[in-house]
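This report considers a helix, its packing partner and a residue in a loop. Please consult the sequence and the structure shown here.

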Amino acid sequence: MHLYIHGFGSSARSLKAERLMQHAQLRDQRLICPNLPTIPDLAIQTLEDWVIHTRPQVLIGSSLGGFYARYLASRFELPAVLINPAVNPDIRLREAIGQATQYFDGTGFEWTAQHCDALAQYQPSNEDQRRLWLLVQRGDEVLDAQQAINALPLARQTIEDGGDHGFQGFERYLDPVLDWRGY
C-alpha cells in the first residue's frame with residue numbers, strides 16, 4: 001500500500017494523484033490519497049493517523065506533500081518518493097500569506113504567518129536519506145530544484161533539465177515509483 005501526499009492548494013484530484021491511482025489499480029496495488037486540511041498541524045496529524053492505521057509501504061509526496069512525506073519518512077522510518085519537494089516551505093510559503101486558492105475547485109482559504117511558523121517544526125531529523133528518491137526537474141517555476149538536490153545528497157536522485165513544477169512526463173515513472181522500496 002502506498003500513501004500519496006498532495007501539495008499546497010492541491011487535492012486528491014491532482015493529475016499526478018489520479019494517474020498514480022489509476023496505475024496502481026491496474027497493478028492490483030492500493031494507493032491512498034487523502035484530501036488534506038490546509039492547516040499544517042492538522043495535515044500532519046491526518047497523515048500520521050493514516051500512517052499509523054494503514055501502515056503504508058511507501059510514501060509519495062509532491063511539492064509541500066514532498067516536505068510532509070520527508071518528515072513522515074524520518075519519523076516512521078519509511079521509504080519515500082519526493083517529487084519536486086519543498087525543502088523550506090516555512091520560508092517559501094510566506095509569499096502565499098493571505099487568501100489562497102485551491103487549484104482543483106477554486107475555493108479560497110486563508111494562509112497565515114502562523115501556518116508558516118508551524119511548518120518549521122516538521123523539518124526532518126535523523127533521516128536515513130538512502131530511503132528517499134528525489135525526482136526533480138530544474139525547470140520547476142515554483143521551487144528551486146537545487147535546494148532539494150543540496151538538501152538530499154544521499155538520496156537516490158533523478159534530476160532532469162527542463163520540465164516544470166507539475167513534473168512533465170511523470171507517467172514515465174509510474175512503475176518505478178510504485179516499485180520503490182528504498183535503498
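## Basis and burial

Buried means under 20% relative accessible area, exposed over 50%, and partly exposed in between, with a 1.4 Å probe and protein chains only. This is a predicted model, in which local features need pLDDT of at least 70, side-chain atom pairs count only at pLDDT 80 or more, and totals for chains, interfaces and linings use all residues. Residues are numbered from 1 along each chain as its sequence is written, and side-chain values use heavy atoms, with hydrogens and water left out.

## Leu93

Leu93 counts as buried because its relative accessibility is 12%. The residue lies in the loop between helix 4 (89-92) and strand 5 (98-101); helices (H or I, at least four residues) and strands (E, at least two) are DSSP runs numbered from the N terminus. Leaving aside residues up to four places away in sequence, Leu93 touches Phe8, Leu64, Trp111, Cys116 and Leu119, where contact means heavy atoms within 4.5 Å.

## Helix 3

Just after helix 3, Glu77 adopts a positive phi of about 55°.

## Contact with helix 2

Pro40, Ala43, Ile44, Leu47, Glu48, Val51 and Ile52 of helix 2 meet Tyr68, Tyr71, Leu72, Arg75 and Phe76 of helix 3. By class, this contact has 10 nonpolar, no polar and 2 charged residues. Ala, Val, Leu, Ile, Met, Phe, Trp, Tyr, Cys and Pro count as nonpolar, Asp, Glu, Lys and Arg as charged, and the others, Gly among them, as polar.
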